[in-house]
Amino acid sequence: MLKDFFLAEVENAIIKGISENKIGQMSEYTNGSLLIEKPKNADFGDFAVNISSLARSARIAPPMIAAAINEYLKSDKYTTSVVGGFINFKISDNLLANSIEEILLKKENYGRPEGVNTEKILLEYVSANPTGPFHIGHGRWAAMGSALANLLKFYGHEVYQEFYINDAGSQIQKLGNSLQIRVLQELGEKVDFPSDEIERKNFYPGEYLIPVAKKYLEENKNTTKDNLDVKSLSDFAKKEMEACQRALLEDFRVHFDKFYSELDLHNSGKVEASYKELTEKGMLYEQDGAMWFKSSTFGDDQDRVIKKADGSNTYLTADIAYHVDKLRRGYDRLINIWGADHHGYVARVKASLEALGYDPNKLEVLLGQLVNLVINGEEVRMGKRKNMVTLDDLIEEVGVDATRFWMEMRNIDMTLDFDIELAKRSTDENPVFYVQYAYARLSSILRNAVSEKLNPETGEKSPAPMTDAELKTLFNNFDKNLILKTADTAKTLILKLEEFKSVIVLSAQNRTVYTICRYVQELAQEFHSFYNANRVICDDADLMKSRLALVEAVRITLKNALDILAVTAPERM
């Protein structure tokens, strides 16, 4: 990365200057103490290093330190200038052109970092109850989680994606009771859900169970109102809901390696085993007939009940067993995406891991805020028990690409306002359209690069379009000296392409996906500016070669970024 290159140049110059006693009274320097940034005034340079922090140890003014360091910065790859306590760098045309060659050489691997420490990661997200369709909040976790998995894999990590099925609680009984009412209605019985709001909370009155009831009766033709079995109804409804959820996830380009059943976790004995281990370690005590976990000993704000007075487990009991099981499967790091309403669970789960002898820092929890769906300027409220706007509805309305991009383009800890009307527009105001249109334009330019303008082998005109081989030859033989003779927009565009490498590293390390969305919007903007200022297919054969090479580099980089987001890169729009 160019930023790392220039920062290393400065640091090497500092160390050399110290060895020759040329930087005041400074006697040592620790690598990594300085930062590199883009100057606010582009006339100063492409990158700048602020060395003012060295003034205390050098005991001379920052401009003098910068000037002393600058004496050791000599290269044909850049020029430097000193402004106050800043050392500014302007990149040589040759170094920038090398970036284009790197992209054309690495193709789909461009942007992958080398020599980084990688981990075996288990990423758990969505993990919804199998009691109904996904609402749009689930859609945000699905889009963010799958894109994060793609990003971490691109970085170099080994990532295993898991969906934890909450199928062992009272909600499954509620689901069976709800399906029973729908089946009775299909049988002609005059029965309905309770009108009392408190009682109604014990059911799922959404209309999504009506087709499930019809299917149940088709498969169980001898059903009558007298032979309905709630356990069978619960199992049937759960199976149908899980099937619907899995099908929608696949359509949404979300692919889990495992669907982990909470019920299986209980049946395997792992929940009781974790409870027993906590007991043996003296981490539990009895109070008011319930068993309490000493979670406050490990940083939680209070102790937590893990077995109620009636002998039943709390949600925490299974969560402890599940996370222990994750670590025992050999993962270096656990990353969970939870809704913000689960923030209180973070400290107690970490406490349980520490109590059982595991490193709690191996668990990372990303807390996501909700999605506000906006239709015609008005917010739409959601809920399983009332009118629900489902993820399926949203995808049908705006498409997978728009849904994914909009879900991903804000940081997960920020509430997202999803404007349906804007997401449907084919205008530059719609960010996903803007980015995809850039890719389609890039593809169109390459399609229109015909031999009538240039035959890369002979230099002669020909009426036939270029073949793939001819285009490949063109990309291998463009004139690097011409790549930046086009306009200032070419340099800005190449710098944006080079930035992709640092964006990948920072996004992976910070677990952020929105930064990739922001990057592709900025890259699209820089490309559109370049395209509007320069004719790519032109009569100057050599200049055309260089511009086509740049176009191909942009196309490759944009495609790599969109693949991480799992948003399609259309060649025509």
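Predicted model: local features only at pLDDT ≥ 70, side-chain atom pairs only at ≥ 80, totals over all residues.
Y285 stands opposite W292 in strand β9. Residues are numbered from 1 along each chain as its sequence is written, and side-chain values use heavy atoms, with hydrogens and water left out.

First, the strands around that pair. Strand β8 covers residues 284-287, and four bridges join it to β9 in an antiparallel arrangement. Two strands are said to pair if DSSP finds at least two bridges between them. Helices (H or I, at least four residues) and strands (E, at least two) are DSSP runs, numbered from the N terminus. β8 and β9 make a hairpin with two residues between them, and D288 in the turn has a positive phi of about 55°.

On its other pairing, β9 runs antiparallel to strand β10, residues 304-307, through three bridges. There F293 stands opposite R304.

Are the faces of β9 covered or open? Both faces of this strand, residues 290-293, are covered. A290 and W292 lie on one side, M291 and F293 on the other, and all four are buried. Buried means under 20% relative accessible area, exposed means over 50%, and partly exposed is in between, using a 1.4 Å probe and protein chains only. In a regular strand the side chains alternate between the two faces of the sheet.

Next, E397. From Y285, this residue is 112 residues away in sequence and 53 Å away in space, C-alpha to C-alpha. E397 belongs to helix α14, residues 391-398. Its relative accessible area is 41%, so E397 is partly exposed. Setting aside neighbours within four places in sequence, E397 is in contact with I420 and K424. Contact here means heavy atoms within 4.5 Å. With K424 there is also a polar contact between the two side chains, at 2.8 Å. A polar contact is a pair of N or O atoms within 3.5 Å; within protein, one must be able to donate a hydrogen and the other to accept it, and residues adjacent in sequence count only if both atoms are side-chain atoms.

Another glutamate, E499, is found in helix α19, residues 488-510. E499 counts as buried because its relative accessibility is 18%. Beyond its neighbours within four places in sequence, E499 is in contact with K38, Y519 and E522.

Now a loop residue, N166. Where does N166 sit? Its place is in the loop between β6 (158-165) and α6 (170-186). A polar atom of the N166 side chain lies 2.8 Å from the backbone oxygen of S127. Not counting residues up to four places away in sequence, N166 touches S127, A128, N129, P130, Q171, I172 and E262.

Last, the whole chain. The secondary structure comes to 21 helices and 15 strands. Of the 573 residues, 52% count as buried. The C-alpha atoms fill a box of roughly 85 × 70 × 40 Å, taken along the principal axes. Among contacts between residues at least 6 apart in sequence, 71% join residues at least 24 apart. That is the end of the tour.
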